[in-house]
Amino acid sequence: MTRVFVPLDMAAKALGADRVVAAIAREAAARGADVEIVRNGSRGLLWLEPLVEVETPDGRTAYGNVKAADVASLFDADFLSGAKHSLSVGKVEDHPYWKRQNRITFKRCGIIDPLSLAEYEALGGGKGLARAFSLSPADCVAEVAKSGLRGRGGAGFPTGIKWKTVADTPADRRYVVVNADEGDSGTFADRMIMEGDPFALIEGMTICGYAVGASKGYVYLRSEYPQTAQVFGKAIEVLRAAGWLGKNVRGSDFAFDVELRIGAGAYVCGEETSLLESLEGKRGIVRAKPPFPAIAGLFDKPTVVNNVLSIATIPMIFEYGAQHYADCGVGRSRGTMPLQIAGNVKYGGLCEVDFGLTLGEIVNDIGGGAKTGRPVRAVQCGGPLGAYVPVKDFDMIFDYEAFTKRDALIGHGGLVVFDDTVDMLQMARFGMEFCAIESCGKCTPCRIGSTRGVETIDKIGAGQNVDANIALLEDLCQTMKWGSLCALGGFAPYPVLSALRHFPEDFRHRSLPAAAE
Amino acid sequence: MSGAAVAFDAARAQEIIDAHLGLEGPAMPILHAIQDEFGCVPEAVVPQIAEALNVSRAEMHGVVTFYHDFRREPAGRHVLKLCRAESCQSMGSERLHQEFLARHKLDWHHTSPDGALTVEAVYCLGLCAHSPSALFDGEPIGCVDSQRLDEIVSEAQRT
């Protein structure tokens, strides 16, 4: 029996992975070949999807960009023995894109069958929880603090401090809430880990529950990820059946359960207080802070709200020890960051590396520059609320503080590359348009300012009173930045202001043809 | 996703509502389940949910209308969601979409007159290494081009 791996990851499916699976099954039956098809997560070399791997005595060998139509020729070439073919990639472990990574959060993603508990345990699954159970809850919180882990959702708040606040707040009930409302364009790490290694997220939630004294965890997943919901829902069932969730987690007297909740297309619900409102069954309107959710969160109870990546990293922090994690990274940005390289880029994918690379290394060395082959002009870092960074700033170090210093945002680690055909006025306009569509409406600067921003940018585009309108737009951005409760209104000005500052020619040249008419 | 929805039935709606009342904060799961059953969240069900959750009709109306996903009327037989977010824009999605909508006389958040296809904008499907991307009846599609979009329209009209 030969094991053949074809990812169930949405990115692989989007390129026909399911048709490849059907073709392999059909061809194997016709040729009498004994094949077991395993649906693994994605390795993250997304430009090679669907990436089919075959298990050979010499390790797993890969074939990239496989289409259903290629399957017969793969059989002809005897790919089941790992033979060469025009689509051969070799071993993923030998690929330069893989070799430069330090896979901690994603160590199992793409390797195991995400719903096989045996394979999960074979690669260290459960060790983190076992070690956590050997410590007191307070020592677990201290371990997380020692690791230096900061919230991977975007704000970068120290996870250990958040947990300690929840643990120390007297209450009859506490909650663990995982924010899987991954709405930023250019990000897909939450989706990938929930499809490729869902048990890690659940194990991390369980450790969190034990550390802070919570017995219930919710995962709030965006509705745009229907297939993620299927895989993750099954993962919860598998762990319940195996006694990893329930009244006696792994035979202990600690009770913990996890429930999956689905959002309904509101970007603002990725903001933690808006998410909590939505979980409670209300409009996703942002709450004023304080009180912070760690003091009064879900149903007014102390609540840990953490991003998927933060929580999915927890088991590995306990398995390897906090120091191992803290030893990676630079400055106050400890550990690794799963970078998501996307947009107009040659080698798009997920690449988990220690903090500290320059933006240029990420975009050009790892990403290979623009997919179109044209020069790169800008990179948007951190989603629709993140700044556009020009090529002259590619020396910027990927680190929370270095980005903040230059008015940029790491956010959730997504990078969207644009080539020189991009019209930065249109991108600035879209930033405002998106804010207008997604504003929850609580704060006037965000609700109305974003619409006025679109109108003002349109006037600039039409060459009307360009200088005065640019001054007005900058002023509006300041009002939104300082007059909004949450990051939607508060950060929507970043892409606009960065476009204005770094690409003024896209805003000003327009007045010339208009004036000449 | 597509038009397998059944006509509204208050008794069936009540069953769905009751099945979720044991949950903490059951409103969103109820609304999703209602939409899965009836293809939308009909006006008539709003007071029914409000009553069950002991909130006002106005509050429940507010919840339903806050979220982009909840429809007030069923969609067409097929739903095409096109990603308009930045990553897809970096690969030319804006022009692709404009030309596609014009070519087939479609519009955002509208259903074609024959009831075959509803086109909706979404902001990121998490397929950003394969931009532009789309979701057709819940199935993801990467590296979308005009030919693929035309095939989708033909498929929607046929089935």
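This is a predicted model: local features need pLDDT of at least 70, side-chain atom pairs count only at pLDDT 80 or more; totals for chains, interfaces and linings use all residues.
**Figure 1. Overall dimensions and packing of chain A.** The C-alpha trace of chain A extends over about 75 × 60 × 40 Å along its principal axes. A compact globule of 517 residues would have a radius of gyration near 24 Å, and the 24 Å found for chain A therefore agrees with that expectation. Of the 517 residues, 56% count as buried, and among contacts in chain A with a separation of 6 or more, 73% are made by residues 24 or more positions apart.

**Figure 2. Domains of chain A, with the contact between domain 2 and domain 3.** The domain assignment divides chain A into domain 1 (2–99), domain 2 (117–326), domain 3 (329–419) and domain 4 (424–516). Between domain 2 and domain 3 of chain A, the C-alpha centres are 26 Å apart, and 19 residues of domain 2 are in contact with 18 residues of domain 3. On the domain 2 side of this contact, the elements that give two or more residues are α9 (189–196) and α14 (322–326) of chain A. That side comprises seven nonpolar, eight polar and four charged residues.

**Figure 3. The side of chain A that touches chain B.** Contacts between the two chains involve 46 residues of chain A and 35 residues of chain B. On the chain A side, two or more residues come from each of α1 (10–13), β8 (257–262), α12 (272–279), β12 (336–343), β16 (414–419) and α17 (424–438). By class, the residues of chain A on this side are 23 nonpolar, 14 polar and nine charged.

**Figure 4. The five-stranded open sheet of chain B.** Strands of chain B form an open sheet in the order β2-β3-β1-β4-β5, and the pairing within the sheet is mixed. At the edges stand β2 (110–111) and β5 (139–141) of chain B, each of which has a single partner strand, so that one side of each is left without a neighbour in the sheet.

Figure 5. Strand β4 (residues 134–136) of chain B runs antiparallel to β5(B), and three bridges join the two strands. Within this pairing, B:Leu135 is placed opposite B:Pro140, a residue of β5(B).

Note on methods. Residues are numbered from 1 along each chain as its sequence is written. Chains are lettered from A and ligands numbered from 1 in the order in which they are written. Two residues are in contact if their C-beta atoms, placed from the backbone, lie within 7 Å. Helices (H or I, at least four residues) and strands (E, at least two) are DSSP runs, numbered from the N terminus. Ala, Val, Leu, Ile, Met, Phe, Trp, Tyr, Cys and Pro count as nonpolar, Asp, Glu, Lys and Arg as charged, and the others, Gly among them, as polar. Two strands pair if DSSP finds at least two bridges between them. The radius of gyration is taken over C-alpha atoms; the globule rule is 2.2 Å times the number of residues to the power 0.38. A residue is buried if 20 or more other C-beta atoms lie within 10 Å of its own, exposed if 12 or fewer, and partly exposed in between; C-beta atoms are placed from the backbone. Domain bounds come from an automatic or database domain assignment.
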